[in-house]
Amino acid sequence: MSNEEAHANLVVPAFKTEKVAKTQTQNSQGTVWRFSGTDKAAKASTLTLRGVIYMLFDNCSRDVKKTVLPLGHGDPSVYPCFRTCIEAEDAVVNVLRSGKGNSYAPGAGILPARRAVAEYLNGDLPNKLTADDILLTAGCNQGVEIVFESLARPNANILLPRPVFPNYDARAAYSGLEVRKFDLLPEKEWEIDLQGIEAIADENTVAIVVINPNNPCGNVYSHHHLQKVAETARKLGIMVITDEVYNQTIFGDNPLVPMAKFASIVPVLTLGGISKGWVVPGWKIGWIALNDPEGVFASTNVAQSIRQNLEITPDPSTIIQAALPEILEKTDKSFFAKKNKILKHNVDLVCHWLKDIPCVTCPKKPESCTYLLTKLELSLLEDIKDDTDFCVKLAREENLVFLPGEALGLKNWMRITIGVDAHMLEDALERLKGFCIRHAKKTYIN
Ligand SMILES: *Cc1c(COP(=O)(O)O)cnc(C)c1O
């Protein structure tokens with residue numbers, strides 16, 4: 001079965017060679033066109049992963065005579081084993097058939113959906129959210145966009161982790177927010193370098209971003225560590241923006257502690273959605289939750305600015321908004337358990353194979369999300385310069401695409417997507433092993 005047959009949405013190279021290269025500002029009748037595209041998004045767009053992935057796809061070829069295995073980016077929804085639950089599908093179908101999802105919605109989202117999200121997030125939070133604290137967005141990414149637009153003022157800077165989910169870099173660049181990076185420490189289970197934070201923050205710092213569960217590292221932060229993050233942020237006078245879009249994708253022992261637990265220490269904006277948990281990124285719904293018992297977001301106009309930004313951007317589909325209460329309330333826990341069991345199995349599978357591949361190691365087994373970060377031991381390889389070189393040659397020789405760590409800010413690391421069919425992963429690891437044996441230093445082979 002070819003990749004195209006497997007799923008029409010699977011992003012793989014098309015191997016098309018025609019290129020249309022024509023620039024023209026004047027046509028044959030002598031008309032001068034007065035318009036041209038701006039480069040407003042030029043820089044920001046280079047910060048997304050797409051460019052790297054397509055460059056690697058360009059290195060794949062038919063001559064290799066192996067299917068292309070696209071394990072550089074992730075969208076588990078294209079694989080039948082990760083199909084969303086029937087409760088979620090029914091919820092959408094019911095709304096669609098009822099005709100209740102056909103109208104415009106308010107900028108903040110419809111009340112039943114906001115109320116349902118508040119209840120979903122409340123759990124054992126000490127400071128309960130109400131529907132008024134919830135704003136619906138077209139996916140979690142639009143939440144990032146709206147929040148960054150609301151915070152960007154001249155000279156403002158924002159603290160982002162390294163490695164990071166690259167959309168944050170792109171959105172910050174587009175909004176004109178200066179980015180300052182703090183490290184996640186692999187030797188400390190990817191904890192945040194708290195001292196580093198104090199060193200890079202100044203009077204123009206507005207926020208710190210905490211992604212938990214962490215994409216791409218795959219860790220889940222402890223209560224103790226998050227409390228320290230909250231205390232550090234309070235000391236610096238900055239808010240915490242936490243991205244908990246992977247809150248339902250945990251397969252290790254550490255449970256998620258919502259950052260909102262520390263809202264009495266520091267105001268917290270929680271970004272979330274159903275894209276990852278329910279494996280439906282195409283449904284495009286997410287939320288911003290204002291965890292702010294002291295009313296800081298109101299007194300600093302942040303809440304107002306977010307609402308104003310929401311008034312001028314497209315809303316998530318009303319059909320999905322109206323289905324959201326049923327999706328959140330009726331989904332059986334067994335759906336998440338099944339999904340997470342497959343991911344855990346895939347992690348174990350990769351780690352088992354890596355035991356036989358000394359030049360690719362996994363310092364910290366992921367316990368969440370859908371990626372596995374590996375470190376490349378380049379000293380064991382003969383003719384590989386760095387992680388990008390490794391991935392380019394892997395694509396060229398094996399039609400296998402992994403993401404070079406450099407794209408995430410981690411030089412000489414590599415990211416493997418585990419949110420795929422296990423057979424594909426097995427095929428990929430066999431090719432990786434063959435590749436590493438071929439490129440190993442002679443002394444190492446015997
Ligand atoms: C996928 C992802 C998002 C984007 O979520 P959408 O709901 O698809 O917009 C945001 N943050 C992180 C960390 C992600 O992995």
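**Two helices**

I started with H4 (residues 86–98) and H12 (residues 318–330), which pack at an angle of about 145° with their axes 8 Å apart. Helices here are DSSP runs (H or I) of at least four residues and strands are runs (E) of at least two, numbered from the N terminus. Axes are lines fitted to C-alpha atoms, for helices over the stretch in contact, and angles run from 0 to 180 degrees between N-to-C directions.

The model is a predicted one: local features need pLDDT of at least 70, side-chain atom pairs count only at pLDDT 80 or more, and totals for chains, interfaces and linings use all residues. Residue numbers start from 1 along each chain as its sequence is written.

Next I checked who touches whom, with contact meaning C-beta atoms, placed from the backbone, within 7 Å. H4 brings residues including Ala-88, Ala-91 and Val-95, and H12 brings residues including Ile-319, Ala-323 and Ile-327. The residues of this contact split into 10 nonpolar, no polar and 3 charged.

I then traced an open sheet of 8 strands, in the order S2-S9-S8-S7-S6-S3-S4-S5, with mixed pairing. S2 (134–137) and S5 (191–192) sit at the edges with a single partner strand each, so one side of each has no neighbour in the sheet. Two strands pair if DSSP finds at least two bridges between them. S2 is joined to S9 (residues 286–291) by 4 bridges, and the two run antiparallel. I found Leu-136 bridged to Trp-287 in S9. I also saw helix H9 (residues 223–236) lying across S5, S6 (205–211) and S7 (239–243), at about 145° to S7.

**The ligand**

Which residues come nearest to the ligand? Of the 13 around it, they are Gly-139, Cys-140, Asn-141, Phe-165 and Ser-275. A residue is near if its C-beta atom, placed from the backbone, lies within 6 Å. Helix H6 (residues 139–151) gives the largest share of the shell, 3 residues. I noted 5 nonpolar, 6 polar and 2 charged residues in that shell.

**Two domains**

Last, I looked up the domain assignment (bounds come from an automatic or database assignment): domain 1 is 3–11 + 39–82 + 334–441 and domain 2 is 86–330. Between them, 31 residues of domain 1 are in contact with 34 of domain 2. On the domain 1 side, H13 gives the most, with 5 residues.

Methods:
Ala, Val, Leu, Ile, Met, Phe, Trp, Tyr, Cys and Pro count as nonpolar, Asp, Glu, Lys and Arg as charged, and the others, Gly among them, as polar. Two residues are in contact if their C-beta atoms, placed from the backbone, lie within 7 Å.
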